[in-house]
Amino acid sequence: MTEPCCNRFGVGNLVKIMMFGLCWVPLLTESAIGVNWGTVSFRKLNPSTVVDLLKDNKITKVKLFEAEADVLKALMGSGIQVMVGIPNEMLSLLSSSPSASDLWIHQNISAYTGKGGANIRYVAVGNEPFLKSYNGQFQNLVMPAVLNLQQSLVKAKLASSIKLVVPCNADVYESSIPSQGIFRPDLTQIMTQLVQFLNTNGSPFIVNIYPFLSLYDDTDFPQDYAFFEGTTHPVTDGSNIYSNAFDGNYDTLVAALGKIGYGQIPIVIGEIGWPSDGAIGANITAAKVFNQGLINHVLGNKGTPLRPNAPPMDIYLFSLLDEGAKSILPGSFERHWGIFYFDGKAKYPLNLGLGNKELKNAKNVQYLPSKWCVVSSKSSGLSINNVANYMRTACSVADCTTLDYGGSCNGIGDKGNISYAFNNFDGLGMVTSRDPSVGDCRFIIGLTDKATRSSGGSQIGYSWWFIVAFSIIEITFSLLM
């Protein structure tokens, strides 16, 4: 029989860790708009260019999914508040080895803080580790990892300024109506321990809410309920009426928190947004309407029926830039969540409520020459018949998601689709300096080496394997003693 999670790390240890924090006193403050900065892309802007982009758009809060050295270095001295993420794959090591936890904090947090350093405010322990599709893989690792990391922050004298959080997917709670919201039965004990820790240490509860996915996954989901423009399908919950999915989802969490005794803990929206391509309903117009509606709704400070006049503490839009190398297992739209294209060009006018009436593009981005490879007018019918194989080859190493059904390039014809996908295979292609883009279907130009980042990915791998090696040496030494 598996031991309960609370017995694995001991209630006494939980109390000791919590004594280092102060009880949270809820404050009524205006919401702040931040962004998620993901870097899973074939074409990555130099991090310093991205930091300038954030500053030009007066974005003062950013959430990172990993502690990438070049990104953190670029953020040093910027004043931008940073949330640094820890991948789920590291939870096993960090939950079992206090030394590995100490080393991770030293290498990825302490090394970048201090005078003139990065303004790190949060460390996110995992990313949606309780997601149903993980089948409990990370479930019992979260709290032990959190406690080890909290001890490490205390040792580093950072516990008062840097808080631990655990971004959760909205599937950690459930209900048919908001007021009846509860945490999933398999998570009730763990969520109670987590929220108790967050509350005592002055950390908010972080949740990711995606109305787009509700619409994408359920053909019966009312489309207008996903937006903020009013709906013909409101949800009635006693005297409360919900006209949009965000408020209903948010209040379901509020109710669930209340049922375990923490109905007033601050809530941060860790991810929310709308993709601009790659699926039916994912387009520029819908993305603009949703994101602007969300920002206006939240900054209006009206709150929700269960938290009137108290909107979320912060909201992090998902996301800042498109990420063309992300997995498309959930759908091709996964590569198109950015409010900017991969090169820092704004997709549409958007007022973030931060002082600028619309987005400003990245500056001094260096592109390759303006040339494209398109289908040659001299290609024979016999050669064209073989083009499917060439397209499969090209799309195996490039992002062709805009060609999918519902994508922005799906309707530009066979030759247009082929031109978008491939390079000069067996003479089928020809180089042109005339931009073949059509409407919203944008034929992109790559960036020069000077415009892109250098070795962030390898630095992550180095840091990760260094910690693993250190832990193996530590374990081996302890066995020999």
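Isoleucine 206 stands opposite valine 268 in β12. This is a predicted model, where local features need pLDDT of at least 70, side-chain atom pairs count only at pLDDT 80 or more, and totals for chains, interfaces and linings use all residues. Residues are numbered from 1 along each chain as its sequence is written, and side-chain values use heavy atoms, without hydrogens and water.

**Strands around β9**

Strands (E, at least two residues) and helices (H or I, at least four) are DSSP runs, numbered from the N terminus. Two strands pair if DSSP finds at least two bridges between them.

| Strand pair | Sense | Bridges |
|---|---|---|
| β6 (residues 168-169) and β9 | parallel | two bridges |
| β9 and β12 (residues 267-272) | parallel | four bridges |

**Core**

Phe205 is among the residues with the most contacts inside the largest nonpolar core, which has 113 residues. Such a core is a set of buried Ala, Val, Leu, Ile, Met, Phe, Trp, Tyr and Cys residues joined through side-chain atoms within 4.5 Å. Another core, of 12 residues, lies apart from it and includes Cys441.

**Disulfide**

One disulfide (cysteine sulfur atoms within 2.5 Å) is found in the whole structure. Cysteine 409 is joined to cysteine 441, S to S 1.9 Å. Cysteine 409 lies in the loop between α13 (387-395) and α14 (414-421) and cysteine 441 in the loop between β17 (429-432) and α15 (456-480), so the link ties together parts 32 residues apart in sequence. Both cysteines are buried.

How values were computed
Buried < 20%, exposed > 50% of the residue type's maximum accessible area, 1.4 Å probe, protein only.
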